[in-house]
Amino acid sequence: MRPVGSKYLLEEPLGRGATGTVWRGQVREEHEGGGGAVAVKVLKEELASDPDVVMRFLRERSVLLRLRHPHIVRVRDLVVEGDLLALVMDLIDGPDLHRYLRENGPFTPVAASLLTAAIADALAASHADGVVHRDLKPANVLLATTTGEDGAESMHPMLTDFGIARLADSPGVTRTHEFVGTPAYVAPESAQGKPQTSAVDIYGAGILLFELLTGSPPFRGDSAIEVLHAHLNDQPRRPGNIPEPLWTVIERCLRKDPAQRPSAENLARALRVVAAGVGVHATPSQAEAALGVAALLGPDADPTPVPGTPPQSPDADPTQVLPSGGAPSYDPNAVTSVMPNERTRVMPPMPPGSGGTPQQTPQAQGPHPWESQLSAARHRNEQTEVGYLAPEQDPLRRRPRRQPAPPQQPQHQGHPQRQAQPPQYRQGYGYPQQQGYAPQPQRYERPAAPTPPAPAPARREPRRSANPVKIPGLGCLKGCLTVILVLIVVFVVVWYTTPLPDWVNSTRNLWDATSGWAHTVWDKVSAITGDSGGGKG
Ligand SMILES: Nc1ncnc2c1ncn2[C@@H]1O[C@H](COP(=O)(O)OP(=O)(O)OP(=O)(O)O)[C@@H](O)[C@H]1O
């Protein structure tokens with residue numbers, strides 16, 4: 001067994017995530033609670049060796065330790081020892097929701113509503129304490145299995161990994177190593193690198209609820225970029241098995257504009273009203289209350305800001321945020337014209353009516369990791385010059401560094417109607433369930449520095465053609481004339497600088513003599529042939 005700090009011993013690894021490995025451990029005998037079981041999350045070396053993360057770790061120690069709620073996994077201790085950072089938590093005996101969903105299939109609407117309501121309770125408590133989770137997803141919900149006095153088993157959802165996203169979101173880590181986040185659950189404002197509030201957790205709860213009901217999250221794609229584009233631009237489609245009141249809740253949580261999402265407290269309340277109204281035992285008044293659930297889901301008037309990101313001014317009209325420096329030709333209807341500055345303009349515009357108007361000035365600490373990825377993807381689409389984006393600059397060509405995904409379980413395909421129901425949520429519900437599959441979350445390694453792609457090399461001026469009208473054979477004629485001119489010059493030079501004229505004169509004499517001789521011969525031949533010809537005739 002490996003010691004961690006002076007107080008704990010690590011027994012065996014329980015699982016590995018993007019930020020570290022979780023071990024089953026125990027408290028050393030000589031300490032209070034000795035022999036007791038704990039879970040120890042040992043953060044990755046990259047995180048532990050980042051001074052910024054260590055600072056946050058220490059600074060947030062008190063926040064994480066004081067976070068107590070029946071649906072939050074309690075952090076007992078934080079260990080900082082040399083290069084090792086570890087969180088000591090209560091050990092939860094049970095699977096995480098991601099695994100449970102994969103193995104058992106989707107939940108009934110009532111069970112999904114009650115489970116999400118418990119998570120919303122945990123979020124409401126943490127938001128009230130100023131802590132935003134920022135990485136809400138089924139893998140971060142553990143299902144504690146307890147056996148009651150009557151011997152009946154019940155499951156209790158416990159939210160874990162509070163503050164981890166915040167620890168890992170250190171500028172040093174996110175700019176030089178890898179971005180911590182899960183594309184399928186990321187809120188549009190996080191994808192765009194905009195300031196975040198507790199509304200990101202509400203968005204995550206909406207995605208989680210959708211996944212509990214259908215088996216897979218609403219926005220999917222072949223790559224992280226595609227998923228992010230879907231978060232930004234697509235509206236979720238209502239599957240047939242989701243009752244109307246529950247869809248109203250999901251739709252409110254998944255609003256693109258964070259200012260339109262409800263608070264965690266109201267979400268929990270609304271989900272309980274829905275659970276009571278859509279079950280088979282619902283009274284008419286409960287069913288009616290469920291149908292009017294929208295009234296409970298007004299926008300959160302006081303969202304909790306995420307430290308390090310400027311909060312959105314409640315008075316600010318989101319559509320009135322102008323580019324830094326002002327834009328005289330501002331058009332309130334043109335979504336792209338209200339992008340706060342050059343940096344956010346690389347993001348794809350949201351469709352009109354999506355409510356996804358950009359609102360705040362972006363973080364002053366440089367491009368957000370997702371933004372770099374999206375911008376790189378856009379550049380890749382636009383490029384016409386080969387070699388515009390070096391492979392080492394292309395985040396999508398890096399291999400994910402996450403541990404290999406566990407083998408996919410084929411049982412969903414074999415049991416499309418199977419539904420998962422934690423024991424205490426067993427309530428009948430008549431809606432057919434669609435088969436589903438929870439995709440593995442992805443994490444992508446980022447390039448060493450989020451430098452924008454190198455600018456395209458300047459285009460070369462095309463050479464001017466000597467034959468712009470393209471007359472056929474003109475090039476050949478030019479060549480011939482040049483050769484003739486050269487020959488004339490050579491001839492003139494040779495004529496005047498060599499004894500060639502004398503030789504020609506002598507040659508002419510020779511020619512005269514030769515031609516005179518030839519004439520004589522010809523005359524004689526003519527005379528002979530003429531005579532004989534006359535004789536025959
Ligand atoms: N307190 C705990 N008690 C028991 N098991 C735990 C506890 N915390 C985490 N685990 C288990 O350890 C495994 C790894 O957890 P971890 O939180 O690192 O994974 P992850 O959520 O996929 O990754 P990350 O949160 O870093 O994105 C999971 O399978 C989870 O079920």
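**View 1. Contacts of Lys 41 in the predicted model.** Lys 41 belongs to strand E4. Its relative accessibility is 5%, so Lys 41 counts as buried, because the cut-off for buried is under 20%. An unreviewed UniProt entry places the annotation "binding site" on Lys 41.

**View 2. Strand E4 and its cover.** Strand E4 spans residues 37-43. The strand is mostly covered, with 6 of its 7 residues buried. In a regular strand, side chains alternate between the two faces of the sheet.

**View 3. Strand E4 paired with strands E3 and E6.** Strand E3, residues 20-27, pairs with E4 in the antiparallel sense. That pairing runs over 7 bridges. Strand E6, residues 84-90, is also antiparallel to E4. Here 5 bridges join the two strands.

**View 4. Bridge partners of Val 40.** Val 40 in E4 is the bridge partner of Trp 23. In E6, Val 88 is the bridge partner of Val 40.

**View 5. Tyr 100 in helix H4.** Helix H4 covers residues 97-104 and includes Tyr 100. Tyr 100 has 10% relative accessibility and therefore counts as buried. Leu 143 lies 43 residues from Tyr 100 in sequence. In space, the two are 8.4 Å apart, C-alpha to C-alpha.

Key. Residues are numbered from 1 along each chain as its sequence is written. This is a predicted model: local features need pLDDT of at least 70, side-chain atom pairs count only at pLDDT 80 or more; totals for chains, interfaces and linings use all residues. Side-chain values use heavy atoms; hydrogens and water are left out. Helices (H or I, at least four residues) and strands (E, at least two) are DSSP runs, numbered from the N terminus. Buried means under 20% relative accessible area, exposed over 50%, partly exposed in between (1.4 Å probe, protein chains only). Two strands pair if DSSP finds at least two bridges between them. UniProt positions are given in the numbering used here, feature names are shortened, and annotations may be inferred rather than shown by experiment. Contact means heavy atoms within 4.5 Å. Lists of a residue's contacts leave out its neighbours within four places in sequence.
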